Amino acid sequence: MMDGVRQWLLGIVLTSLAGGLARQLAPQGREQAMVRLAGGLLLALAILRPLAGGDWEGLEVPAGGFSLQTEEQAEVYRKNQQEALSAIIAEKTEAYILDKANQLGLACTVRVTVAAGESGIPLPVSAAVRGAYSPALAECMEEEVGIPAQKQIWLEEEIWQTTKESES
């Protein structure tokens, strides 16, 4: 390997010296410009010579592997984006329902579940409300948020307390 590098560098140096000598011997004017051009081309060839002798047949780039890795990474990003969007939509929907509950004078907590709709965008599909049942809030969730009455779960305080006591 070191012998090959030494020969390559020696070829570059000798080509440079020969080109410089030819330029000095050439007459001024057009002939000297042609000698400079020829010397520059020969020097470029001497520098690029290792590329010509390379084993290009054995060089193989596994492009399919890169494509597969790229697709896997894109799928991870899509999944993370979908999860983040679902969390944001659930949080904003919960905040909206709580705001409506406060306007109605209700004290409650809300948990919204989202799922991907037909278009792939996460949409609210159900809500669990811990607090007293309110027909006005239930109607608001159905009409404004799009959560049907059968997907609304109301856990009234009395039921909640009874359930917690029976678990103890």
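Residues are numbered from 1 along each chain as its sequence is written, and side-chain values use heavy atoms, with hydrogens and water left out. Because the model is predicted, local features need pLDDT of at least 70 and side-chain atom pairs count only at pLDDT 80 or more, whereas totals for chains, interfaces and linings use all residues.

Helix H1 (residues 2-25) packs against helix H2 (residues 30-52) at an angle of about 180°, the axes being 9 Å apart; H1 is therefore roughly antiparallel to H2, a term for angles over 145 degrees. Helices here are DSSP runs of H or I with at least four residues.

Thr93 lies in helix H3 (residues 63-103), and a polar atom of the Thr93 side chain is 2.7 Å from the backbone oxygen of Ile89. Leaving aside residues up to four places away in sequence, Thr93 touches Val112, Pro124 and Val145.

The table gives relative accessible areas, where buried means under 20% (1.4 Å probe, protein chains only).

| Residue | Relative accessible area | Class |
|---|---|---|
| Thr93 | 10% | buried |
| Cys108 | 17% | buried |
| Cys140 | 10% | buried |

The structure holds zero disulfides, a disulfide being a pair of cysteine sulfur atoms within 2.5 Å.

Note on methods:
Helix = DSSP H or I, 4+ residues; strand = E, 2+ residues; numbered from the N terminus. Buried < 20%, exposed > 50% of the residue type's maximum accessible area, 1.4 Å probe, protein only. Polar contact = N/O pair within 3.5 Å; in protein donor to acceptor, adjacent residues only side chain to side chain. Contact = heavy atoms within 4.5 Å. Axes fitted to C-alpha atoms, helices over the stretch in contact; angles between N-to-C directions. Parallel < 35°, antiparallel > 145°, perpendicular 65-115°, else oblique.
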